[in-house]
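Subject: Structure for your attention

Dear colleague,

Please find the structure below, followed by an account of what was found in it.

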Amino acid sequence: MAVEPASVAAFWTVSVLLILVPGADWAYTISAGLRDRSVLPAVSGLLLGYVALTGVVAGGVAALVASTPAVLTGLTLAGAVYLVWLGAATLARPAVPGAGGAAVPSSWGSRVLTGTGVSGLNPKALLLFLALLPQFTDPAGGWPMAAQIGALGLVHTASCGAVYLCVGVLARTVLGTRPAAARAVSRFSGAAMIVIGVGLLAERLL
């Protein structure tokens with residue numbers, strides 16, 4: 001067999017529980033849900049980031065990154081600065097449904113790219129994938145380890161897509177007629193991204 005169904009089910013349970021913990025992905029999705037007509041580009045970008053991380057882990061590159069302090073520090077700094085910048089932009093121009101704005105780029109491609117940066121530049125996500133995915137593989141299975149890790153990574157990515165689409169749509173639906181509440185939630189999302197970014201910086205540099 002390729003990957004045991006029980007292992008996939010166990011991994012999926014852990015995956016969903018981790019996805020349900022609010023973080024930078026949630027903050028960006030909520031902001032996109034409030035600002036843009038469609039949350040699909042933002043979520044698509046987040047998913048592309050996780051697909052890229054899956055490929056990095058399956059290819060063995062993640063282990064090299066994790067064992068090279070300078071590379072991991074550089075990745076952490078890039079991800080942290082990116083989150084702080086995005087959070088500051090969101091705070092400066094809080095998202096209001098239908099109002100548009102420049103805090104999050106308005107074109108489809110730019111929103112996809114922004115989402116990819118949020119998830120793909122997150123060093124904690126990389127290390128989480130590195131620590132988590134191999135635990136649910138079977139070295140004696142019918143598929144190579146890289147293929148098993150890739151399959152599990154895609155399960156996680158699909159779960160992310162379902163949850164984040166719901167988060168973005170609910171944010172827009174619930175707050176769509178409440179501009180003041182939408183602005184407050186948007187500012188909270190921006191502040192959350194800044195806090196996460198600063199936390200990454202402090203964790204790596206202090």
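Helix 2 (residues 24-35) packs against helix 8 (residues 145-175) at an angle of about 45°, and their axes lie 8 Å apart. Helices here are DSSP runs (H or I, at least four residues), numbered from the N terminus. An axis is a line fitted to C-alpha atoms, for helices over the stretch in contact, and angles run from 0 to 180 degrees between N-to-C directions. The angle makes helix 2 oblique to helix 8; angles under 35 degrees count as roughly parallel, over 145 as roughly antiparallel, 65 to 115 as roughly perpendicular and the rest as oblique. The crossing of helix 2 and helix 8 is right-handed, a term used when the near helix is turned clockwise from the far one by less than a right angle.

Helix 2 contributes Asp25, Trp26, Thr29, Ile30, Gly33, Leu34 and Arg35 to this contact, while helix 8 contributes Val163, Tyr164, Val167, Gly168, Ala171, Arg172 and Leu175. Contact means heavy atoms within 4.5 Å. By class, the residues where helix 2 meets helix 8 are 8 nonpolar, 3 polar and 3 charged. Ala, Val, Leu, Ile, Met, Phe, Trp, Tyr, Cys and Pro count as nonpolar, Asp, Glu, Lys and Arg as charged, and the others, Gly among them, as polar.

The model is a predicted one, in which local features need pLDDT of at least 70 and side-chain atom pairs count only at pLDDT 80 or more, while totals for chains, interfaces and linings use all residues. Residues are numbered from 1 along each chain as its sequence is written, and side-chain values use heavy atoms, with hydrogens and water left out.

Gly33, in helix 2, is buried, with a relative accessible area of 1%. Buried means under 20% relative accessible area, exposed over 50%, and partly exposed in between (1.4 Å probe, protein chains only). Setting aside residues up to four places away in sequence, Gly33 touches Val39, Gly168 and Arg172.

Helix 2 also packs against helix 6 (residues 108-120), at an angle of about 160° and with axes 9 Å apart. That makes helix 2 roughly antiparallel to helix 6. The residues in contact are Ala24, Asp25 and Tyr28 of helix 2 with Arg111, Thr114, Gly115, Val118 and Ser119 of helix 6. They divide into 3 nonpolar, 3 polar and 2 charged residues. The crossing of helix 2 and helix 6 is right-handed.

Two further residues deserve a mention. His156 is placed in helix 8 and counts as buried at 7% relative accessibility. Apart from neighbours within four places in sequence, His156 is in contact with Phe11, Ser15, Ile19, Tyr50 and Phe129. His156 and Phe11 are 145 residues apart in sequence, yet 8.4 Å apart in space, C-alpha to C-alpha. Thr157, also placed in helix 8, is buried at 6% relative accessibility. Not counting residues up to four places away in sequence, Thr157 touches Leu47, Tyr50, Val51 and Thr54.

How many disulfides does a search of the whole structure find? The search finds 0, a disulfide being a pair of cysteine sulfur atoms within 2.5 Å. The closest cysteine sulfur to that of Cys160 is in Cys166, 12 Å away, which is too far for a bond. Cys160 is buried, with a relative accessible area of 1%, whereas Cys166 is partly exposed at 48%.

Yours sincerely

Conventions:
Helix = DSSP H or I, 4+ residues; strand = E, 2+ residues; numbered from the N terminus.
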